[in-house]
Amino acid sequence: MIEARIEDAGRLARVVQGRVDRGFLTLFSTMKNEMGFLPGWLAHHRRIGFEQFLIWDDASDDGTAAYLAEQPDVVVMRSDLPFGAELRYIDPEGAARVERAGTYFKIALPHLFFDGAYVGYVDADEFLILPPGVGSMREVVARLQAEGAPSAVASVVEFFPADLDGLTGGLPQSFEALMARYPHFQAEALVELRAGAQPKLMGRSKTARLFERYGVRPQIVRKGWHRIWMPAREKKAQRFQKSPRHKTPLVLRSAESRLTGSHAANLAPSDAVLLTVAHFVFTAQFADKIARAVAWGAHANAASKYRYYAELLDRMAGVENGFLDENSVAYEGAEQLVELGLMRW
């Protein structure tokens, strides 16, 4: 197994397109076959003030690579390691753990270029929403700098249609069209900010609520020699992984401050700024994404969550307003997110 520290990222991945401008406010993302979301994702995040995009592309073959090559504000990196390859990551404190290559690159690649700068992090199906009255992500960075805060966390809010009929048709091609097609979310706070400490998570994600409502539960399936003995790691791979309620989409890259995984940073974030990430899980490409994730197997714990998503779709078939419950509301604007405790500014 490959052993890697943050400083090893430069030998494990390479720039294949573009040149990094260290002065630009940059959004980092890992992608594989994301042409459905990519044009709208880039347009939205350009509009809210990101000036450059650093993308680690995991051998996309659906047109993503060609589309990225046409974008003058995109820098593309690739590696011989696929997203799901495991390596032994040794963090700056010397602690070692087994990590997927995709998560390691999310932690490490921005550190090659942005010493002393804030870097954004969101996935291709996630769209950052600015607080009311804020015109650009530069204003968010300026506020964090004034506070001396190393990062800002965000509520991860899952958006969805009323029922499975809303998942038909093509995938909308802009943030506004996505919101119009999948307007509903849960009116429940997910993150409690705490001074000098990591945030406290509250409530449950929409995914967790749907799994409970429709009786989707983890099942351990034993095949081959696993019928005799199954390692704990293999059992874990078949258990449902919780959908995230928060992530840290803006992090200061420095010798002291860094991302530590897919969702958290090592230092306590601002206790005055809570952003919102709109997560479009339940969309027209949901069934295809499930099939790709299961076949690919690179997601957390062998894509177990996506296997359970497939079961969820089967159980929801024919249920009118099957996504909605008493706390589901339609999106009206960022002010609404503030009122519900899903955003703070």
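Modeller: Start with the rule for strands: two of them pair if DSSP finds at least two bridges between them. Helices (H or I, at least four residues) and strands (E, at least two) are DSSP runs, numbered from the N terminus. This is a predicted model, in which local features need pLDDT of at least 70, side-chain atom pairs count only at pLDDT 80 or more, and totals for chains, interfaces and linings use all residues. Residues are numbered from 1 along each chain as its sequence is written, and side-chain values use heavy atoms, with hydrogens and water left out.

Biologist: How many helices and strands does the chain have?

Modeller: Eleven helices and 16 strands. Take a sheet of three strands to begin with. It is open, has the order β1-β6-β7, and its pairing is mixed.

Biologist: Which strands stand at the edges of that sheet?

Modeller: β1 (3-4) and β7 (96-100). Each has a single partner strand, so one side of each lacks a neighbour in the sheet.

Biologist: What joins β6 to β7?

Modeller: First the general idea. Strands of a sheet pair through backbone hydrogen bonds, in either a parallel or an antiparallel sense. Here β6 (residues 86-90) and β7 run antiparallel, joined by five bridges. I90 has A96 in β7 as its bridge partner.

Biologist: In what order do the nine strands of the other open sheet run?

Modeller: The order is β2-β5-β4-β3-β8-β14-β10-β15-β9, again with mixed pairing. Its edge strands, β2 (13-17) and β9 (126-129), each pair on one side only. From one strand to the next, the twist averages 30°.

Biologist: How do I read the two faces of β3, and are they covered or open?

Modeller: In a regular strand the side chains alternate between the two faces of the sheet. Then check burial: buried means under 20% relative accessible area, exposed over 50%, partly exposed in between (1.4 Å probe, protein chains only). In β3, T26, F28 and T30 are buried on one side, and L27, S29 and M31 are buried on the other. That is six of six residues.

Biologist: Which helices lie on the sheets?

Modeller: Contact means heavy atoms within 4.5 Å. Axes are lines fitted to C-alpha atoms, for helices over the stretch in contact, and angles run from 0 to 180 degrees between N-to-C directions. Helix α4 (residues 101-108) lies across β1, β6 and β7, at about 110° to β7. α4 also lies across β2, β3 (26-31), β4 (52-57), β5 (74-79) and β8 (117-121), at about 170° to β3. Helix α5 (residues 137-147) touches β8, β9, β10, β14 and β15 (274-279), and makes about 70° with β14.

Biologist: Which residues of α7 are buried?

Modeller: In helix α7 (residues 206-213), they are K206, T207, L210 and F211. They sit on the same side of α7, because they cover an arc of only 135° around the axis (taken from the directions from the helix axis to the C-beta atoms). Just after α7, G215 has a positive phi of about 70°.

Biologist: Which residues touch the most other members of the largest nonpolar core?

Modeller: A nonpolar core is a set of buried Ala, Val, Leu, Ile, Met, Phe, Trp, Tyr and Cys residues joined through side-chain atoms within 4.5 Å. The largest holds 71 residues, and W41, M137, F280, F282, Y309 and L312 touch the most other members. Helix α10 (residues 300-316) gives the most to this core, six residues. Another core, of 30 residues, lies apart from it and includes V75, I107, V251 and A265.

Biologist: What is Y309 in contact with, beyond its neighbours within four places in sequence?

Modeller: E158, T207, F211, S243, V281, F282, F286 and I290. Two of these, T207 and F211, are among the buried residues of α7.

Biologist: Where is V329, and what is in contact with it?

Modeller: V329 is in strand β16 (residues 328-330). At 27% relative accessibility, V329 is partly exposed. Leaving aside neighbours within four places in sequence, its contacts are P183, H184, F185, A187 and Q336. V329 and P183 are 146 residues apart in sequence, yet 8.0 Å apart in space, C-alpha to C-alpha.

Biologist: What share of the chain counts as buried?

Modeller: 55% of the 345 residues. Among contacts between residues at least 6 apart in sequence, 77% join residues at least 24 apart.
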